[in-house]
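Please open the structure alongside the text and follow along.

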Amino acid sequence: MHPTALKDRIILVTRPQPEADTTASLIRRAGGTPLISPMLSIQPAEDPRPFQNAIQSLDQFDGVLITSANGARAYLEELAIQEQVVSHTPPCYSVGPKTATLLREGGLQVTQPNSRFDGEALAQAINEWQGAQRRFLFPRAAIGRETLIDGLAEEGHHITTVAAYEAVPAQRLSDQALKLLREERVDAALFFSSRTATTFFELMMQQAIMPDNMVLGALSPVTGEKMAALGFAAQVIPQQATAEHLLTALADYWDRPTF
């Protein structure tokens, strides 16, 4: 992206840390001003025992499903705690390139779809690669979407889902974000999951504010559909679900001619 593609734009980043800081760096490199106010905080699972027990029984599974960077970090951390030899673990199946990179850096074997980076695409790819009736471990957030599970269950796969971490909704916007939103100085707000969007709009409605001129960006069609159901349509949805593609799509949106 051009280093001035987002010049003079204030862009609200609602995703959890540490990904929020990574996205903020991308915005700065494109000339924009990031405004960080995470709508979720990542915490250990309330009951870690099911996850721990599953890691102790990895040899029962044909593969491990990892759909987020938080899931990747939790999985790698638990492997290290239990001193599991990564070369003896089942292969991982990852949604996106960033998650796959984290897993590969941890020494794990990873496969991911080459087209879209979402649960639907991963389910379709696994069904093509693995056939039917395989056993998968799915460490994820305590609350998550069922799309991947449903897509695999259709082919007779068995999925063991365990809470590897919790994504806890924010109780308030940051003071700076609230101030700039009230002043209608935020040019765009970016949403990387349905839960971040839901939390944000609930907090905004509590404050009775919603800037009319703020562009809304969704990482994926699924997040966009959730936003629309809440009454807030996303003007920007990238073709590939990465932060880089979302910011490029946002810059392109502002660069379109108006008549």
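This is a predicted model: local features need pLDDT of at least 70, side-chain atom pairs count only at pLDDT 80 or more; totals for chains, interfaces and linings use all residues.

Helices (H or I, at least four residues) and strands (E, at least two) are DSSP runs, numbered from the N terminus. Residues are numbered from 1 along each chain as its sequence is written, and side-chain values use heavy atoms, with hydrogens and water left out.

**Around H157**
- H157 is buried, at 6% relative accessible area; buried means under 20%, exposed over 50% and partly exposed in between (1.4 Å probe, protein chains only).
- The H157 side chain comes to 3.4 Å from the backbone nitrogen of Q133.
- Beyond neighbours within four places in sequence, H157 is in contact (heavy atoms within 4.5 Å) with N127, Q130, G131, A132, Q133, R134, F136 and L152.

- Most residues other than glycine have a negative phi, and most peptide bonds are trans.
- Q17 and P18 are joined by a cis peptide bond, with omega about 5°.
- P18 itself sits in the loop between β1 (10-13) and α1 (19-29).
- D8, not a glycine, has a positive phi of about 65°; D8 belongs to the segment before β1 and is exposed at 64% relative accessibility.
- A208, also not a glycine, has a positive phi of about 60°.
- The loop between α8 (194-207) and β10 (215-218) holds A208, which counts as exposed because its relative accessibility is 71%.

Definitions and conventions: A polar contact is a pair of N or O atoms within 3.5 Å; within protein, one must be able to donate a hydrogen and the other to accept it, and residues adjacent in sequence count only if both atoms are side-chain atoms.
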